[in-house]
Amino acid sequence: MKRKSWELKLIFLVLVAVFAVFLAVPAIRLLLKSFLGEDGLTGAYYLDVFSGKGFTTALGNSFAVSIVSALVAVGIAFVMAYIIHYTRLPRGFKRFVQAVATLPMFLPTITYGFAIIYSFGKQGLITRLLGHQFFDIYGFGGLLVGYVIYTVPVAFLLIHNTMGYVDKKTLVVSKAMGDGTLSTFWIAILRPLLGTLAGAFIQSFFLCFTDFGIPASVGGDYDVIATVLYNEMLGGVPDFNRGAVISVVMLLPSIVSILLLRFLERYNIRYDRISDADLRRNPGRDTAWGLSGTVLAILILCMFVVIFVVPLVERWPYQTGFTLEHFQEVFSDNELQTVYLNSLGMALATALFGTLAAYGAALITARSKLPGWCKQVIDAIALVTNTIPGMVLGLAFLFVFSGTSLQNTFPLMILCNIVHYFSTPYLMMKNSLSKMNAGWETTAMLMGDSWPKTILRVVTPNAAASLIETFSYYFINSMVTISALIFLAGARTMVLTTKIKQLQYINEYDQVFVLSLLILATNLIAKAIFTWLANKSSRKGSSNAKKRKEMKAS
């Protein structure tokens, strides 16, 4: 298609300019901050941090709890995904398991910590019901539980999606060859999933290592690197150079994690043809896996039951009479109403502009004839955004935009979210656009249509379902994020997650849980609407495709 494609070039230039200003410049400034002293380049700040009291201990703690949490999360996610794909349990039960596995995605991580306190603390709901405290909630035990709950949804979605592309006939062939149960399990299920399981572990480790919300509530004296960074910057007199050093240290495992994920992609088994063979009846298998799924689902739900209970009692655990007073206080508080509207507005704006950015980037890499280096630049941007933790990005923004007109503003927070979550929406759109007919733009050009008309009339309607999913992804993540915004939100730009952190200091846990329920309800309603719209769009697209085939046949 020989045309100037000035529209695509303009999109490319705008995207590169945005990410240069709001990704490259902050990242470079952060790196320089860790090396630049009053007399020029120096490594003194690194020596100071690593020789300082407690830093290496906190770093070791981060590695230890993140590794154990990731292993447990992947194991739980595998069991829940296996139930859906390799058992003949009722469809309703499978939907229940899937819903429970993804439920934690709709709540901010800082809420998990408070749920752990009110569930498993000395006066917690579970502790009082069972008459025994099972573990010390402050420190390794609390972080482990919180991190596992946090990362199970991510690990589950990765394993669940890959299991859908594993050829089920391998099970039949393995049995026909006389393999034992364990051999069949290895050959037909585990071996094809090794790359995905390793990827799920790395992704879970990366999320645990860089999370701030859970340590902020149940970390106790068990310091991890995220709390060290927070205390360095917001816990007293801020030290920007030491904060920059800690941020760079946080980046290193993230970079290694992403490189390992790309390396492991080559070990994923791909089938020329995928067969969804009927599973043989096996009551023993289904009962065992069904019980396992039930236990895991109950354990996960137990974590969140307290969020519904505590706001409905007068004063937990001393006055347990039913009351709606806490809800009335929140909904009658003008400040909290403003904070909710702030969150909603920020999430909607992030979703809108983030979806446009992801769509524009995907059009360049999947639907254009621009030079290969242009596409490589976009892919590199996606890789870098997937590498930088939210806390590091927020701190980098703080270094660059402090003292400017963007400081403590919603545009800066929105741009930070767009950059932070860009990678996954971009890949979603790229995969969707790559599967469409490659000749649509050429045909439209021959018929005299301009490129924008072709995109609006042909490509966009066919990509509607993916666009809605991208919008949903940005919206939900923007409602629950805290790690980056903790450095960027001001008194007038407070959002629900940063408000929850503020309420922690004054022990207003009733309001914390009410606001958490508000986030959960908002995300569940939004997800239901987005899913309905996406399904409706998919059905419409399938119907149109069928009509086109019938017209060609006639």
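View 1. In α4, the residues K94, V97, V100, A101 and T102 are buried, where buried means under 20% relative accessible area, exposed over 50% and partly exposed in between (1.4 Å probe, protein chains only). This is a predicted model, so local features need pLDDT of at least 70 and side-chain atom pairs count only at pLDDT 80 or more, while totals for chains, interfaces and linings use all residues. Residues are numbered from 1 along each chain as its sequence is written, and side-chain values use heavy atoms, with hydrogens and water left out. What do the buried residues of α4 pack against? Their partners are α3 (55-86), α7 (140-163) and α13 (283-309); contact here means heavy atoms within 4.5 Å. Helices (H or I, at least four residues) and strands (E, at least two) are DSSP runs, numbered from the N terminus.

**View 2. The span of α4, end to end.** Helix α4 covers residues 91-102, which makes 12 residues. At 1.5 Å a residue they should span 16 Å, and the end C-alpha atoms are 17 Å apart, so the two agree. The expected span is 1.5 Å times one less than the number of residues.

View 3. A cavity is a set of points, on a 1 Å grid over the protein atoms alone, where a 1.4 Å probe fits but cannot get out; lining residues have an atom within 4 Å of a point. Around the largest cavity sit L23, P26, A27, L30, L251, I388, V392, L393 and A396. Which helix gives the most to this lining? That's α1, with 4 residues; α1 (6-35) and α17 (390-401) each supply at least two. The lining has 9 nonpolar residues, no polar and no charged, counting Ala, Val, Leu, Ile, Met, Phe, Trp, Tyr, Cys and Pro as nonpolar, Asp, Glu, Lys and Arg as charged, and the others, Gly among them, as polar.

**View 4. N408, an asparagine with a positive phi.** N408 isn't a glycine, yet its phi is about 55°. Look for N408 in the loop between α17 and α18 (410-420). N408 is partly exposed, with a relative accessible area of 33%.

Definitions and conventions. 1 Å grid on protein atoms, 1.4 Å probe; cavity = no way out; pocket = protein on both sides within 12 Å on 5 of 7 lines; lining within 4 Å.
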